[in-house]
Amino acid sequence: MMSEKIEILSRTADELASDLEALGEKKYRAKQIYEWLHVHHVRSFEEMTNLPKALRSSLEERYCFTKLHAVEVLTSKIDGTKKFLFALEDGNVIESVMMRYSYGLSVCISSQVGCRMGCRFCASTIGGRVRDLTAAEMLCQITQISALMQERVSHVVIMGSGEPLDNYDNLVRFLRIVSDPAGERLSCRDITVSTCGIVPKILELSREQLPVTLALSLHAPTQEKRERLLPIARTYPLDNVMDAVQTYFHETGRRVTFEYSCVQGENTSRQDAMQLADLLGRMNCHVNLIPVNPVEERSYTRPARKDIEAFRGMLEKRGISVTIRREMGRDINGACGQLRRSYLEK
Ligand code: SAH
């Protein structure tokens, strides 16, 4: 990968403190460095002018700075949404998306190069998983977009390519850094982690004291139907997933979002609506309907708008909070992972 040097942007405040202690440095040095990195967003040791020269050069020997290279940026003419294709230092490429809302900038980041979950309608999984992203590579998607836009990013969704809970340690490290009040200071409630339902990791996350919003990719109301769309459902059955999600809610107090990609002929019948309403019954949750984005290599299509609206109506009648996802950047909106695929084909 990079060099044998450690990515300094992947170190949490605690890790940096023990690194500096091991170097025989005073405690406050770690604080100074951390502030340069995550408050002032400095990207070289040279600029850390309150550190002694000797320390700067020993840091230089140990650590490296992660940098992404924007290979392509597509901007929507409709709403200004931007899609970024970033090259990593080893030449792999990933996608990130920036959306502007009334409350600020929201960035959707990738957590892996590719994905191994195999969801049937998803482009990110077609070539399998290439590798996990480091915490620094997740963070830099945000900081570099923020620098390009000259604006603070206020919301982050981990809904790009990859399964974040399949890259758990790096994810948690990233979450600690991005939500640290002494640094990047995003609020956990403004961060959403989307998962296809890795049960043991949902439970682990519920105990991290990182009360981020959890989005569960449900996509079907029964085990049988869910398995057809999400092969991972065979490993983590729906009952266990729903229990884990309940636990997450009890531990964190965060209302869970269910993502439900609407696929023509698969999951939006009246029966599906009734079964979904039964499944979610008394839960404090929200359902987000996503008209499926057709992927070239797959044959799935979206239901007609009126059918999705009817589906929403049936759920609302049963007292469920539900929205149809607003499609940002419709004119640049290849499905998740498609920009990367078209680049790789070139
Ligand atoms: N691995 C995470 C993040 C994936 S992307 C997860 O499974 O949640 C975020 C959401 O987009 C997931 O719900 C995913 O199932 C959905 N998705 C992926 N490809 C899609 C497509 N072509 N159309 C609609 N939704 C899609």
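**Close-up views of a predicted model**

**View 1. Helix H11 and its cover.** In helix H11 (residues 338-345), Gln338, Leu339, Arg340 and Arg341 are buried (under 20% relative accessible area, with exposed over 50% and partly exposed in between; 1.4 Å probe, protein chains only). Helices (H or I, at least four residues) and strands (E, at least two) are DSSP runs numbered from the N terminus. The buried residues of H11 are covered by elements including strands E3 (69-75), E4 (82-87), E5 (93-101), E7 (112-114) and E8 (129-132). The model is predicted: local features need pLDDT of at least 70, side-chain atom pairs count only at pLDDT 80 or more, and totals for chains, interfaces and linings use all residues. Residues are numbered from 1 along each chain as its sequence is written, and side-chain values use heavy atoms, with hydrogens and water left out.

**View 2. Surroundings of asparagine 267.** The loop between strand E12 (256-262) and helix H9 (270-280) holds asparagine 267, which is buried at a relative accessible area of 0%. Its side chain reaches the backbone oxygen of serine 261 at 2.7 Å, and a polar atom of that side chain lies 3.0 Å from the backbone nitrogen of valine 263. Residues in contact with asparagine 267 (heavy atoms within 4.5 Å) include His219, Leu229, Tyr260, Asp272 and Phe311.

**View 3. Nonpolar cores.** A nonpolar core is a set of buried Ala, Val, Leu, Ile, Met, Phe, Trp, Tyr and Cys residues joined through side-chain atoms within 4.5 Å. The largest has 97 residues, and Phe174, Leu175 and Phe258 have the most contacts inside it. Helix H4 (residues 135-149) gives the most to this core, with 8 residues. A second, separate core of 5 residues includes Val97, Met99, Cys108 and Met328.

Notes: A polar contact is a pair of N or O atoms within 3.5 Å; within protein, one must be able to donate a hydrogen and the other to accept it, and residues adjacent in sequence count only if both atoms are side-chain atoms. Lists of a residue's contacts leave out its neighbours within four places in sequence.
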